[in-house]
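Here is a briefing on one protein chain. Start with the pocket, then move to the strands, the loops and the helix packing.

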Amino acid sequence: LAGRPDLVGRCQLNTVITNFFNAGGYAMLHASCLVQSSRALLLMAPHNTGKSTTPLRLVLGGYRLLSDSMVFVPPRSDSIHLYGFPVGRIKLRQDALAAFPELKPFLEMERVRGEKKYSIDLRQFDASLVYEEEFSPTTIDVCLLTRHNHRKSTLKAITRTAILQDAMLNSLFYDTRATWRRNWATIERLVDSARWFRLRIGADPEGILETVTTLGEDTEAAPTG
């Protein structure tokens, strides 16, 4: 810890800001969030299933990064507002580095839960790839990420229940019953404003952007509300 005061300070700042938002009534969704025009794309996934490499590919393909970790949603208002934190940072596993050689000079090694990972602040690489402000989308797509053995990535509409089950496992603060109920109501409001999909990531990395681009075009309409 003495050798890396920057990491200590970052951890403390993350904790303070997370608790500050939570105390203010903001719900947290553990997801990556990308923006394009007036649309928000939220990607939710278990550990080591592509929740960082997939948004990075999309960002390099024309999206902007709101967050790769935590998306905060304020209490009820007339429309959905999204805030991302930490700003601009993505963590990659070592086995993913070869896919992004242009980022190598900007990577910083750190250990996360005993695993060696490499962190990058995309603002140092290209600040235009990062969205640093509050975002108020007119369209919200929420995708659960999984992997499969096929070459092509696929996208399929799923149910509200599937999205909420994932949020229940990965996103809620459980410190008090009142906090749980408040955060859960806000997450439900976000989910009910969205369309819901399962995005299965295939072996062809170039096909991910093409598949995601079909949202709202050729993909069977997802249920909403």
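Helix H2 (residues 53–59) contributes three residues to the lining of the second largest pocket, the most of any element. The model is predicted. Its chain holds six helices and twelve strands. Of its 225 residues, 48% count as buried. Among contacts between residues at least 6 apart in sequence, 72% join residues at least 24 apart.

**The second largest pocket**

- The volume of this pocket is about 200 Å³.
- Its lining has 15 residues.
- Thr53, Arg57, Ala96, Ala99 and Arg147 lie nearest the pocket centre.
- By class, the lining residues divide into seven nonpolar, three polar and five charged.

- Strand S3 spans residues 39–44, and six of its six residues are buried.
- Arg39, Leu41 and Leu43 point one way from S3. Ala40, Leu42 and Met44 point the other way. Residues of both sets are buried.
- Strand S2 (residues 32–36) pairs with S3 in the antiparallel sense, over five bridges.
- Strand S10 (residues 139–147) pairs with S3 in the parallel sense, over six bridges.
- Leu43 takes part in both pairings. Its bridge partner in S10 is Cys143, and Leu43 is also the bridge partner of Ser32.

**The S2–S3 hairpin**

- Two residues lie between the strands of this hairpin.
- Ser37 lies in the loop between S2 and S3.
- Phi of Ser37 is near 60°, a positive value in a residue other than glycine.
- Is Ser37 buried or exposed? Ser37 counts as exposed because its relative accessibility is 73%, and the cut-off for exposed is over 50%.

**A cis peptide bond**

- The peptide bond from Phe85 to Pro86 is cis. Its omega is near -10°.
- Where does Pro86 lie? Pro86 sits in the loop between strand S6 (83–85) and strand S7 (89–93).

**His30**

- His30 is found in strand S1 (residues 27–30).
- His30 counts as partly exposed because its relative accessibility is 25%. Buried would need a value under 20%.
- The His30 side chain reaches the backbone oxygen of Ser69 at 3.2 Å.
- His30 and Asn170 are 140 residues apart in sequence. In space, their C-alpha atoms are 6.1 Å apart.

- Helix H4 covers residues 160–170.
- Which residues of H4 are buried? They are Ala162, Ile163, Leu164, Asp166 and Ala167.

**Points to check in the viewer**

- Follow S3 first: S2 pairs with it in the antiparallel sense, and S10 in the parallel sense.
- Then find two backbone details: the positive phi of Ser37 and the cis bond from Phe85 to Pro86.
- Arg57 and Arg147 are among the residues nearest the centre.

Definitions and conventions. Residues are numbered from 1 along each chain as its sequence is written. This is a predicted model: local features need pLDDT of at least 70, side-chain atom pairs count only at pLDDT 80 or more; totals for chains, interfaces and linings use all residues. Side-chain values use heavy atoms; hydrogens and water are left out. Buried means under 20% relative accessible area, exposed over 50%, partly exposed in between (1.4 Å probe, protein chains only). Helices (H or I, at least four residues) and strands (E, at least two) are DSSP runs, numbered from the N terminus. Two strands pair if DSSP finds at least two bridges between them. On a 1 Å grid over the protein atoms alone, a cavity is a set of points where a 1.4 Å probe fits but cannot get out, and a pocket is an open set with protein on both sides within 12 Å along at least five of seven lines; lining residues have an atom within 4 Å of a point. Grid points are joined across faces, edges and corners, and a volume is the space filled by probe spheres set on the points. Ala, Val, Leu, Ile, Met, Phe, Trp, Tyr, Cys and Pro count as nonpolar, Asp, Glu, Lys and Arg as charged, and the others, Gly among them, as polar. A polar contact is a pair of N or O atoms within 3.5 Å; within protein, one must be able to donate a hydrogen and the other to accept it, and residues adjacent in sequence count only if both atoms are side-chain atoms. Contact means heavy atoms within 4.5 Å.
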